[in-house]
Amino acid sequence: MDAIDALLARPDLPPPAIRAALRRADGLTQAEAAKAIGVTRVAYQRWETGQAEPHARHRARYLRLLQGLSKKHPEAAMPAPAP
């Protein structure tokens, strides 16, 4: 059960639109962020559009980046108001 509890306790990634907003708020390109995580720009772009989710080995690095960006730019981490 410890393995299951560990999976359930892991933090969720923010929605794709917020992922992109956080990156843009810091002035990072997809290529820069992808290089820091160790993936291709195309893989990173697919994470931001919700077409794919990061594999386990990159998920922790991506989550760390997003958490750091959300601390620097809390306004970008907020969902956009509904029209």
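Buried means under 20% relative accessible area, exposed over 50%, and partly exposed in between (1.4 Å probe, protein chains only). The model is predicted, so local features need pLDDT of at least 70 and side-chain atom pairs count only at pLDDT 80 or more, while totals for chains, interfaces and linings use all residues. Residues are numbered from 1 along each chain as its sequence is written, and side-chain values use heavy atoms, with hydrogens and water left out.

**View 1. Salt bridge between Asp 26 and Lys 72.** The side chains meet at 2.8 Å, N to O. Asp 26 lies in the loop between α2 and α3 (30-37) and Lys 72 in helix α5, so the pair ties together parts 46 residues apart in sequence. Lys 72 counts as exposed at 54% relative accessibility; Asp 26, at 24%, is partly exposed. A salt bridge here is a side-chain nitrogen of Lys or Arg within 4 Å of a carboxyl oxygen of Asp or Glu. The whole structure has 3 salt bridges.

**View 2. Salt bridge between Glu 53 and Arg 19.** The N to O distance is 3.2 Å. Glu 53 is in the loop between α4 (41-49) and α5, and Arg 19 is in helix α2 (residues 16-25), 34 residues apart. Arg 19 is buried at 3% relative accessible area, whereas Glu 53 is partly exposed at 45%.

**View 3. Surroundings of His 58.** His 58 belongs to helix α5 (residues 56-72); helices are DSSP runs (H or I, at least four residues), numbered from the N terminus. With 11% relative accessibility, His 58 is buried. Beyond neighbours within four places in sequence, His 58 contacts Ile 37, Gly 38, Val 39 and Trp 47 (contact: heavy atoms within 4.5 Å).

Conventions. Helix = DSSP H or I, 4+ residues; strand = E, 2+ residues; numbered from the N terminus.
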